[in-house]
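Look at the fold below.

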Amino acid sequence: MNDNRSVIEEINSIYGGRERLAYVRSFGCQLNVSDGEKIKGLLSEMGFGFTEDETKADLIILNTCAVRESAEDRVFGIVGSMKKLKELKPSLIIGIAGCMTAQSHIAEKIKKSYPQVDIVLGTSAISGLPALLLDRLRGVRFGEDIAEYGDFSAAVPQIRESAFKASVPIMFGCNNFCTYCIVPYVRGRERSRRPEDIIAEVRGLAAQGYNEIMLLGQNVNSYGNDLGGEMSFPQLLREINAIEGDFIIRFMSSHPKDASDELIDAIFDCEKVAKHLHLPVQSGSDDVLRRMNRRYTAEKYLSIVDRIYERDPDFSLTTDIIVGFPDETDEDFRATLDIIKRVRYDNIYSFIYSKRSGTKAAEMPDSTSDEEKSCRMRELLEVQREISSEHYKRFIGRTMRVLADDVSKKKKGFLTGKSNEFIIVEFEGDESLIGQFVDVEITGAMNWAVTGRIVGR
Ligand code: SAH
Ligand code: SF4
Ligand code: F3S
């Protein structure tokens, strides 16, 4: 890790007392958002304030995602349009950070075709930002840092997006190499953070009054595999549960191949751990699962679900689905619909397969047309909408503990929040309740949320 203090001092002296504003936008998953918060933390140390209006910015950082082609296209579109901004304000500095930068063909494309970009910052090189910025301020035209500085997360300051919900990465990288997925290539191998660092961070957040702690990792169930048996994820959950304070613990994601009985026990034993599990199934077809290298069968997946439902038949499950994996047949797709109907998820996050160059699946033949894939997607969403609206009815008459997190975009005077079970709840309430837990009695169910009224706090 590099020491940034002298670099930061020099940047401060170059700018003098002048105001400087940064526009930082994150495009990816919660881990990417968390990186964006660290980028902001570093920029704040360099004297930057922040703006949501890119035309006012002296520095723009786009923190990118590479998981699907559409995410990359969006960034290229935005970078393209920033050429104008730069013409209007030649001192503007534009930086690209995040997962896109870790693919050499993308980094090359940025360098070659987008001369308005000044800085390319790799996913493991956030702490290299001050040095790159200093070079740019001294007149170096283009700077790139995609080195590995290892786990610096504890040392990098962070400006969090929310004052009541915080994400805490517990590990970085992924070892699973699902054949469709770019993440292991852009995030490297699994590295677990030290348990004492994680616990200290959560303790600090709880003391500051954060109400929700989201533990992040590409597969939290393999947390600690590189710590020589010192601490497993279920153990970590128990340790965090023991921290004093009124907060809820969530975590993402859990790979089904590693979802153990110990994990299920910890979820039920720990009163602060949310009674919800995000368990990405991806497909219901054993043949597709094998070609995806997921290392479980539909039957194995369902055995985990059954173990959970034995403990609580109303337990809340959500999942990720990929539609149209190479050569997915209609029969394969029907198997996905079957598993969805069988599990009865509260919500699914579904994506049409996107070819990622460098992955194994990118080499697989694919004869299914785009039209067919879109058609399957529509059917999947339709089936899930019916399941959600039916399944949400089980909450009617119950009182849910809800963390109010926003004003409703649909109804004036109403708030939305997430229940312990990760269900969206809409209820009448004053904006001053945002960031607080409220008890809501559920009176109705829609296909995307339940509705109710506050009965206590
Ligand atoms: N580590 C997490 C997933 C991170 S990516 C996990 O394994 O659960 C989030 C989701 O994006 C994945 O679960 C998958 O459903 C989807 N996804 C990943 N690569 C994709 C691709 N090439 N095309 C379409 N969807 C993809
Ligand atoms: Fe990608 Fe699979 Fe790793 Fe998740 S577990 S990040 S889907 S390779
Ligand atoms: Fe996340 Fe996208 Fe990277 S999903 S890990 S930001 S490729």
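At what angle do helix H7 and helix H8 pack, and how far apart are their axes? This is a predicted model, in which local features need pLDDT of at least 70, side-chain atom pairs count only at pLDDT 80 or more, and totals for chains, interfaces and linings use all residues. Residues are numbered from 1 along each chain as its sequence is written, and side-chain values use heavy atoms, with hydrogens and water left out.

H7 covers residues 195-207 and H8 residues 233-241; the angle is about 35° and the axes are 10 Å apart. Axes are lines fitted to C-alpha atoms, for helices over the stretch in contact, and angles run from 0 to 180 degrees between N-to-C directions. Helices (H or I, at least four residues) and strands (E, at least two) are DSSP runs, numbered from the N terminus. From H7, Pro 195, Ile 198, Ile 199 and Val 202 meet Leu 236, Glu 239 and Ile 240 of H8, where contact means heavy atoms within 4.5 Å.

Helix H5 spans residues 129-137, and its buried residues include Leu 129, Pro 130, Leu 132 and Arg 136; buried means under 20% relative accessible area with a 1.4 Å probe, protein chains only. After H5 comes Gly 139, with a positive phi near 110°.

Elsewhere, 5 strands close into a barrel with mixed pairing, in the order S15-S16-S17-S19-S18. Neighbouring strands of this sheet are turned by 55° against each other on average, direction ignored. Phe 414 stands opposite Glu 428 in S17.

Methods
Chains lettered and ligands numbered in written order. Buried < 20%, exposed > 50% of the residue type's maximum accessible area, 1.4 Å probe, protein only. Pairing = 2+ DSSP bridges.
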